[in-house]
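Please read them as numbered points with the structure open beside them.

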Amino acid sequence: MRLQLDIALAHLRMRKRQSIVSLLGVSLGVGFFIAIAAMMQGFQQYFVAKIIDVSPHIIMKDEFREPPRQAVMQTYPGGAVRLEGVKPEDEPRGIKNGKAKVAELSRLPGVKVSAVLNGQVILRYGSKDVSANLVGIDPQHERLVSRIEDDLISGQLDDLYGTANGLILGEGLAAKLGARRGDTLTALSTAGAVLKMKVVGVFNTGITTLDNIQAYALLKKAQVLQNRVNVINEIRLRLDDVSQAEPLARRIEQRFAYRTESWEESNRNVLGIFVIQNGIMYSTTGAILIVAAFGIFNIISTVVMEKTRDIAILKSLGLTHRDIEIIFLLEGLLVGVVGTLLGWLVGYGLTEVLASIRFEIEGFVRTEGFRLNYSFGNYLFAGAMAVLAAAFAAFLPARKAARLDPVDIIRGAA
Amino acid sequence: MPAELPTELVVEARSLTRILPGTVPVTLVRDIDLGIGASEFVAITGPSGSGKSSLLYLLGLLDRPTEGEVLIEGQATGDLSDSDLAELRLTKLGFVFQFHFLLPEFGVLQNVMLPMRKAGGRDAREIRARAEQILIQLGLEDCLGKMTNQLSGGQRQRVAVARALANDPRIILADEPTGNLDTKNAGIVFDIFRRLVVEEGRSIVAVTHDPDLAARTDRRIHLVDGRVVAD
């Protein structure tokens, strides 16, 4: 193997400039992949962590996935029955027998439960009317289910107990209203009730959509405002083991029939974007590596063409097909491996540069710089892809070289 | 190894025929029977296109015959795989071509060491020592540390001979070994060949169209249109 390696190295040294260009192609491909992957995965993980951190892992709502079926449909399943002019029953919304359900869910191991009433309100402060989503909570339970308490930038969750008609606003919402802690504003509900409420706190979750529309009040006050005393329309669960969210949500839905969403389901649209994002990342860096592979193919093909005589003489000296093939495969692998090592440095350097960039951005989440994921796996993956591409690019010319007939070449040269 | 043949032929051709396939098949050599003994210095002569080189490539296991077979030191080669043939070329045969065909990326020593490195069985120091020794024997002591492009044509061809000798083969096959050399250098190479035959008991088969060179060998095989017309 040493002999083949020496010959391969000699060939690459002879075409120094082309070798360096191919090498750069590979290392840029590897480097960019590492940097982009760190950036994308970093953001995605940050986002998912935020979601998991900030919002409940499972939410049971007072809705059904499928509208209840008419009695006649239930009696004749699959029958040719057609009903016209059916009017939906005006049933009072809310989770029926909510207390019992909360009690039952609370008994599940590793699960914290909070019952809330969610509803639209208009908040009026001065001349401003802003629509908001008012969540009626019991702070005692809610603090176990979401991170609202940690996200408060002013006031305290327990201030809701201490203040008559206390209200906690998202930072964006407060800004829109121009209200601050201590201000009193008016809340109007769709049920027609009006309540004077006092801002006792402001929170910032980092998730912009939440901060712009969400407000919290005591469950009892929310029920009064919505004119739905003792009604809850959402049960929120937080699990010790996040990965159990989806299967548990399915089990709960089967048990109670109410629509129950895990955090994965609630954020499916965003998680779907991540899949596309990753697709773009892989195809972009894949394209760089393909271009690099063409570079490798090019250099090795050139060497094979230039070195036909050497190949012939090596064969006449007693080197086998296999030896010749190994020489040229090694040339590709050398470019691939050295390019990967350089690419690791490039990737590390780029990641460091990205990490040092500071900016303020408000998208799905608020962040003041790139969130980066330093994963050794990305280095390995990029390296494996590069070496594989290099080996593949070298394979065709290497096989061609191995198949050259020395007699043809020596005859041609003479 | 089979038992030594009574005549001790180092290379033997049995009804050797090589036809290049194609729409118009070309017969390169036809029905050649030939035996070359130890310490024989043989010239293959003939007009161009008579099949001299083709015969040499067949004897050197670089090409496979359409019919017949080649025996190297009594060993039949017709059924051997390509890598077995390569192994035989490596250990039992040495080639010298009209062009030196030295590898330009390697130095003189490296070129001579190459076949030994492939063959294995010697450590790096032994290989280097033997390469130096061969080069010195061929009068190339000044060239040991040089690159091949620093040598004259005659010196290069002598390095090529040294490379052919690397694995101590009993048979040297040479294809117009002096074709590119002036008379003086051709004489030097020829003298080396003569010494290899007389002093070291090797057999040399050289294709040449140089009548002076041919005249100084022990045996001349004359080919016309792929057949032996005089031996």
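1. Asp323(A) is buried, with a relative accessible area of 4%, where buried means under 20% relative accessible area, exposed over 50%, and partly exposed in between (1.4 Å probe, protein chains only). This residue forms a salt bridge with Lys118(B), and the closest N and O atoms of the two are 2.7 Å apart; a salt bridge here is a side-chain nitrogen of Lys or Arg within 4 Å of a carboxyl oxygen of Asp or Glu.

2. The model is predicted, and local features need pLDDT of at least 70, side-chain atom pairs count only at pLDDT 80 or more, while totals for chains, interfaces and linings use all residues. Residues are numbered from 1 along each chain as its sequence is written, chains are lettered from A and ligands numbered from 1 in the order in which they are written, and side-chain values use heavy atoms, with hydrogens and water left out.

3. Turning to the contact between the chains, 24 residues from chain B and 27 residues from chain A take part, contact meaning heavy atoms within 4.5 Å. The area buried between chain B and chain A is about 2,400 Å², with 68% of it given by carbon and sulfur atoms; buried area is the accessible area (1.4 Å probe) that two parts lose on being put together, summed over both. Between chain B and chain A the count is 3 salt bridges. On the side of chain B that touches chain A, helix H1 (52–59), helix H2 (82–92) and helix H3 (108–119) of chain B each supply at least two residues, helices being DSSP runs (H or I, at least four residues) and strands likewise (E, at least two), numbered from the N terminus. The largest share of that side, 5 residues, comes from H2(B).

4. Glu104(A) counts as partly exposed, at 27% relative accessibility.

5. A further salt bridge joins Glu265(A) to Arg250(A), with the closest N and O atoms 3.6 Å apart. Glu265(A) lies in helix H12 (residues 263–266) of chain A and Arg250(A) in helix H11 of chain A, so the pair ties together parts that are 15 residues apart in sequence. Glu265(A) is buried, with a relative accessible area of 13%, whereas Arg250(A) counts as partly exposed at 30%. Both residues belong to a network of salt bridges that also includes Lys61(A), Arg65(A), Glu246(A), Glu253(A), Arg259(A) and Glu261(A).

6. A search of the whole structure finds 15 aromatic pairs over all chains; rings of Phe, Tyr and Trp (its six-membered ring) pair if their centres lie within 6.5 Å, and planes under 30 degrees apart count as stacked, over 60 as edge-to-face and the rest as tilted. The rings of Phe43(A) and Phe274(A) have centres 6.1 Å apart and planes at 80°, so this pair is edge-to-face. Phe43(A) lies in helix H2 (residues 16–54) of chain A and Phe274(A) in helix H13 (residues 268–306) of chain A, so the pair ties together parts that are 231 residues apart in sequence. Phe43(A) is partly exposed, with a relative accessible area of 24%, whereas Phe274(A) is buried, at 6%.

7. In chain B, Phe99(B) and Phe101(B) form a tilted aromatic pair, 6.5 Å centre to centre with 45° between the planes.
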